[in-house]
Amino acid sequence: MTKHWFGFSGSVIYILLTDGLALLIPWILKQAIDSIENLPDTTLLLRYAGFLVGIAAIQGVFRFYMRKIMIGISRKIEYSIRTDFFSHLQKLDPSFFVNTRTGSIMAIMTNDLEAVRNFLGPGLMNLFNTIFVFFTTLIVMFMIDVKLSLYSMVAIPILPFIVYKLSSMLYSRFKKSQEQYASLSARTQESIAGIKVIKSFTREDHEREVFSGLNMEYIKRNLSLAKVRSIFWPAMIFIGGIGILVVLLIGGRQVIAGTLTLGQFVQFSAYI
């Protein structure tokens with residue numbers, strides 16, 4: 001993985017550039033809205049609109065290279081791990097294969113390595129993206145209005161608790177799903193390898209029932225995992241929604257009172 005650090009660094013730079021441009025968009029919206037209130041000018045509005053289109057275009061290019069590099073590297077690492085894993089298997093004693101089911105090894109080489117790739121690709125990309133956006137946005141929000149920023153974070157203390165609880169449930173259910181996939185793969189491999197014996201003793205119906213039971217259990221475990229995942233994102237959105245609600249109530253009053261411009265209100269809402 002060390003040889004890919006240069007590529008990772010390049011991808012992180014593209015992430016920073018993409019997010020930096022994203023932070024400019026609310027500021028331009030602020031300028032455009034405040035200009036309508038202070039000095040309505042069609043030419044000026046067209047200029048701001050051009051800025052937004054230009055930023056979106058450049059951001060799209062940066063985002064493309066960000067994903068291309070990061071996800072491309074994750075694919076290369078997956079290839080390296082899978083190749084090294086296969087080479088390692090060739091060096092193991094025959095006793096290892098006597099005590100280890102072939103299907104379990106197949107599951108590691110497919111499903112488990114795909115999970116590793118997803119972490120190294122989209123996972124790390126989203127991690128860097130979230131850290132940068134969170135802190136930079138927070139700084140800008142406090143620069144706009146300290147009081148409103150503090151009010152908008154009223155629901156944030158709930159977040160770590162929810163993330164902790166749901167993450168532990170996700171880990172447990174994902175692990176069970178992976179274990180069942182290994183059992184399913186092992187049974188499939190054994191049935192195909194011993195198909196002549198199965199047919200000789202007319203055990204087709206029995207094998208079909210066993211496989212159906214394993215398959216159904218795999219479905220149940222994945223549905224159980226999906227239920228937790230279906231709670232996770234709505235919970236995050238709900239907490240964010242509380243912040244937006246507070247901004248609408250308090251920020252709206254500040255706009256009416258004249259202590260906050262409409263443009264600043266829109267800018268702040270975009271950042272939240």
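Modeller: The protein chain has 9 helices and 0 strands, where helices (H or I, at least four residues) and strands (E, at least two) are DSSP runs numbered from the N terminus. Read along the sequence, the order is α-α-α-α-α-α-α-α-α. The radius of gyration, taken over C-alpha atoms and compared with a globule rule of 2.2 Å times the number of residues to the power 0.38, is 27 Å, well over the 19 Å that the rule gives for 272 residues, so the chain is more spread out than a compact globule. Along the principal axes, the C-alpha atoms fill a box of roughly 90 × 40 × 30 Å.

This is a predicted model, in which local features need pLDDT of at least 70 and side-chain atom pairs count only at pLDDT 80 or more, while totals for chains, interfaces and linings use all residues. Residues are numbered from 1 along each chain as its sequence is written, and side-chain values use heavy atoms, with hydrogens and water left out.

Of the 272 residues, 29% count as buried, a term that means under 20% relative accessible area, with exposed meaning over 50% and partly exposed the range in between (1.4 Å probe, protein chains only). Among contacts (heavy atoms within 4.5 Å) with a separation of 6 or more, 80% come from residues 24 or more positions apart.

Now to the charges. Lys and Arg count as positive and Asp and Glu as negative, with His and the chain ends not counted, and each charge is placed at NZ of Lys, CZ of Arg, CG of Asp or CD of Glu. On that basis the mean positions of the 27 positive and 17 negative charges are 1 Å apart. Side chains of opposite charge can pair when their charged atoms come close. Taking a salt bridge as a side-chain nitrogen of Lys or Arg within 4 Å of a carboxyl oxygen of Asp or Glu, the count comes to 8.

One of these joins D34 to K30, with the closest N and O atoms 3.4 Å apart. The two residues are 4 positions apart in helix α1 (residues 5-38), and are therefore separated by about one helical turn. D34 counts as buried at 10% relative accessibility, and K30 is buried too, at 15%.

R187 and E207 form another salt bridge, the closest N and O atoms being 2.9 Å apart. This pair links distant parts of the chain, 20 residues apart, with R187 in helix α6 (residues 158-193) and E207 in helix α8 (residues 204-257). E207 counts as buried at 15% relative accessibility.

R221 and E217 also meet in a salt bridge, at 2.9 Å from N to O. They are 4 residues apart in helix α8, about one helical turn; R221 is partly exposed at 23% relative accessibility, and E217 is partly exposed at 29%.

D19, in helix α1, is buried yet has no salt bridge, and the nearest side chain of opposite charge, R63, is 5.4 Å away. Leaving aside neighbours within four places in sequence, D19 is in contact with N129, F132 and V133.

T18 also lies in helix α1 and is buried, with a relative accessible area of 1%. With neighbours up to four places away set aside, T18 touches Q59, F62, R63 and M66. The C-alpha atoms of T18 and F265, 247 residues apart along the chain, are separated by 23 Å.

M125 lies in helix α4 (residues 102-144) and is buried at 4% relative accessible area. Not counting residues up to four places away, M125 touches I15, M66, R67 and M70. M125 and F8 are 117 residues apart in sequence, with their C-alpha atoms 9.4 Å apart in space.
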